Amino acid sequence: MNSTWWRLQVLLGRVKKMLNKKAQISDTLTWIVATIVIIVIIVIFIYFTSALAKAKTIEAKTKAISLSDGSSQEVNWLKEKTSLAYKINKQNKDFIEGWINEKVG
Amino acid sequence: MNNRGEDQMIGAYWFVIIFIVAAAVVYMVSVFYGHPYDVRELEASILINNVADCISQKGELNKNLIEEGKFNSEFNTNLLKECNLNFNTEEVWKDTPQYYIVVSFFKGTEITKAVFSLEQGNSNLLSNCEIANEDYQRLAKCVTERFYSTSNNEQYLVEITSIVRKSEKNVK
């Protein structure tokens with residue numbers, strides 16, 4: 001009777017150990033997956049930051065002019081100059097427009 | 001005893017993760033703010049606008065530049081003064097001018113040969129414009145714009161090319 005009780009205790013101990021190991025494996029897997037997710041997110045952030053840092057170019061073809069009513073408007077300075085010249089002489093307008101809009105360089 | 005060891009390990013793990021995240025944030029901030037803004041194209045466009053303002057007003061070419069159909073070559077010599085421009089740069093580039101501007105005038109529809117040209121600055125920069133490749137960011141930036149103007153009812157087509165180098169301060 002005593003030895004049966006003892007064997008049962010040993011068996012229970014083994015089962016407990018097995019269950020404990022399974023819990024440890026699942027915990028470790030959770031941490032590994034979490035670490036991978038964190039690292040992937042960081043890599044994505046670093047990639048986008050580098051891309052944004054490279055694209056720091058400022059271009060402007062317009063110029064802000066103040067209007068008589070106090071407001072301001074963005075205008076293409078050279079287009080305005082061309083429009084003013086057309087008021088004086090608008091011969092060959094299509095040719096001139098074509099030449100201006102031709103891709104240079 | 002076992003529980004304490006587990007806690008210590010998780011604590012160490014958290015410290016490692018916090019360190020990685022903090023290092024990544026520091027790296028991202030330094031990468032983003034470490035790259036300067038490339039304002040050379042903007043600078044070249046502003047230069048073009050100012051020169052255009054100087055040579056053509058209200059649709060007519062400047063009277064000091066052209067009178068009775070004849071271009072004044074003196075205007076080229078005094079271009080910077082006439083247009084209130086200053087090509088001075090920081091000490092770093094005091095020996096090599098960082099700007100170049102060329103203005104070509106074409107009469108009527110004769111666009112094959114310019115009737116007159118104005119130019120100022122470092123003409124060596126012109127060779128940079130022939131290479132249009134994103135891999136050559138350190139080369140000078142070229143901007144070319146065209147517009148139309150008149151003088152005594154004669155038609156003139158104007159092409160302005162402006163080049164700005166200053167690569168050291170605009171590209172990393």
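**Notebook: chains A and B**

I began with burial in chain B: 30% of its 172 residues are buried, where buried asks for 20 or more other C-beta atoms within 10 Å of the residue's own, exposed for 12 or fewer, and partly exposed lies in between, with C-beta atoms placed from the backbone. I note that this is a predicted model, in which local features need pLDDT of at least 70, side-chain atom pairs count only at pLDDT 80 or more, and totals for chains, interfaces and linings use all residues. Residues are numbered from 1 along each chain as its sequence is written, and chains are lettered from A and ligands numbered from 1 in the order in which they are written.

**Chain B, overall form**

I looked up the extent of chain B next. Its C-alpha trace spans about 100 × 35 × 30 Å along the principal axes. The radius of gyration of chain B is 27 Å, whereas a compact globule of 172 residues would have one near 16 Å; the radius is taken over C-alpha atoms, and the globule rule is 2.2 Å times the number of residues to the power 0.38.

I then checked the domains, whose bounds come from an automatic or database domain assignment. Domain 1 of chain B covers 1–34 and domain 2 covers 39–170. I find 55 Å between the C-alpha centres of these two domains of chain B.

I counted 5 helices and 8 strands in chain B, taking helices (H or I, at least four residues) and strands (E, at least two) as DSSP runs numbered from the N terminus. Their order from the N terminus is α-α-β-β-β-β-α-α-β-β-β-β-α.

**Chain A**

Chain A has 3 helices and 2 strands, in the order α-β-β-α-α along the sequence. I find 6% of its 105 residues buried.

I read the confidence of chain A as pLDDT, the predictor's value for each residue from 0 to 100. The mean for chain A is 82, and 88% of its residues reach 70 or more.

**Where the chains touch**

I listed the contacts between the chains, meaning C-beta atoms, placed from the backbone, within 7 Å. In total, 37 residues of chain B are in contact with 35 residues of chain A. On the chain B side, at least two residues each come from helix 1 (2–34), helix 2 (40–55), strand 7 (141–151) and strand 8 (154–164). Helix 1 of chain B gives the largest share, 9 residues.

How values were computed: Two residues are in contact if their C-beta atoms, placed from the backbone, lie within 7 Å.
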